[in-house]
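Please keep the sequence and the structure in view while reading.

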Amino acid sequence: MKTDCSMKTDYLREIEKQKPPFAPGLLSRAEKNRLIGRGFHGLYRWYTDRSQASRNWNPDRSFDWRTLGQSHSDELIAIVEGFYAVEQYAPDYTTELTHLARADYGRSHFQLRWGAEEEKHADLWRNILLFSRRRSREQIERYTDDLRASAWTLPFDCPIRAILYTVFQERATQFNYMNLAKVARGESDKPQFAGDADPLLAEACKVIAVDEAAHYNFFLEGARLYLYYYPEETLAALVDVLRNFTMPAARIIPNYDAFIKTLYDGGIFGPRQYAREVVPAALSLLGVESIRDVERGIKRTRRVPNEGGVLRETAIFDEKLDAPRGAAVCGVRFSVVEAAVRRLFDRIGRYEEEVGLSEVGRTEFVPHVWESSRRFDNISINAPD
Ligand SMILES: [Fe+2]
Ligand SMILES: [Fe+2]
């Protein structure tokens, strides 16, 4: 489902116009965008350095594929084939996400590097299908043709929704791979996987899961930048993304339902893992204590006057930062968000010191101060349709 946020952006722009023109300490949208852009750029430079130094594996040479087992269960092979299918759309994912972020140097360049890492995942799963001797090259080529007959397109075409979607998607993918690694270590209690212990497969799953964890962390940091500087839009986007979440390519992979059933029956992934492991972990790191409170806060907005006497929508954070206050309060610990953003800028600062970039342009944290001068108070909120 396409969710165009341009109308909401226009709505917010109208509200922005109503602000007093010279509110001291208030960051303009242009300033916020610059700070978010600098955050993404610094994070991307740090990420690239880390990725090259510690995760520069090769799908052919980093594994001794000749030692891979050749008696895996049909269920395990079906799961590997499904993972291959999902990762097969790396060119579409990369094209769409890079284009969406093209105005942002750090975020768009990161998407290229991310795409190069995702591309290796498809190669690795393909090697497992081939070296397990359970699929011939011709079979895989035919399957790949079927997959490539359809193109993946972004489920959300606004940058904030897209990054929130990738946060949950990366975490879910990491979880899938970690659980398959357990099967390959012989730790599953499911009878269908009784003969599937395979150290090389376990190692391969672990290597990819580490990549997915790194992706998850990048997108999480980026999402927190938006949440910090644009809390209203980001919280509305968060609710929207959670309402409409599906795993990537679910609608275009042939026999996707059978793949999902095999994952579910095998205890690899399903609604229970999504609800218990994926969503709560990500929400906690976004400072969200209760998504229901966030939803309620968005629905039950109340209008309060700003300094200029103009009525604006609700206050969503208490001045004591985290204490709930009536119906309009969202379940967000904003202090968690600010602390995380500060830590991100500290990390970027240390990296820039290390490589000398600080001598030619230091990236520094700038706090978000709202016009009320009582921080975290009197924030307008973008109520969804
Ligand atoms: Fe991947
Ligand atoms: Fe990933």
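In this predicted model, helix α9 covers residues 231-243, and at 1.5 Å a residue its 13 residues should span 18 Å. The end C-alpha atoms of α9 are 18 Å apart, which agrees with that expectation.

**The chain as a whole**

- The protein chain contains 13 helices and 4 strands.
- The chain has 385 residues, of which 39% count as buried.
- Among contacts with a separation of 6 or more, 80% join residues 24 or more positions apart.

**Burial of helix α9**

- Helix α9 is mostly covered, since 10 of its 13 residues are buried.

**Phe218 in helix α8**

- Phe218 lies in helix α8, which runs over residues 199-229.
- Phe218 has 25 other C-beta atoms within 10 Å and is therefore buried, the cut-off being 20 or more.
- Setting aside neighbours within four places in sequence, Phe218 is in contact with Leu43, Tyr47 and Phe110.
- Phe218 and Val167 are 51 residues apart in sequence, yet their C-alpha atoms are 8.5 Å apart in space.

**Helix α3 against helix α5**

- Two packed helices are described by the angle between their axes and the distance between the axes.
- The axes of α3 and α5 (residues 105-131) come within 8 Å and cross at roughly 150°.
- This angle makes α3 roughly antiparallel to α5, because angles over 145 degrees are classed in that way.
- The crossing of α3 and α5 is left-handed.
- On the α3 side, the contact is made by Val80, Glu81, Phe83, Tyr84 and Glu87.
- On the α5 side, Glu118, His121, Ala122, Trp125, Arg126, Ile128 and Leu129 take part.
- By class, the residues of this contact are 7 nonpolar, 1 polar and 4 charged.

**Helix α3 against helix α10**

- Helix α3 (residues 74-87) also packs with helix α10 (residues 256-265), at an angle of about 125° and with the axes 9 Å apart.
- The two helices are therefore oblique to each other.
- Helix α3 passes α10 in a left-handed crossing.
- Glu75, Ala78, Ile79 and Gly82 of α3 meet Phe259, Thr262 and Leu263 of α10.
- This contact of α3 with α10 has 4 nonpolar, 2 polar and 1 charged residues.

Note on methods: Residues numbered from 1 in each chain as written. Chains lettered and ligands numbered in written order. Predicted model: local features only at pLDDT ≥ 70, side-chain atom pairs only at ≥ 80, totals over all residues. Axes fitted to C-alpha atoms, helices over the stretch in contact; angles between N-to-C directions. Parallel < 35°, antiparallel > 145°, perpendicular 65-115°, else oblique. Left-handed = near helix turned anticlockwise from the far one by under 90°. Contact = placed C-beta atoms within 7 Å. Nonpolar A, V, L, I, M, F, W, Y, C, P; charged D, E, K, R; others polar. Buried ≥ 20, exposed ≤ 12 C-beta atoms within 10 Å, placed from the backbone. Expected span 1.5 Å × (residues − 1).
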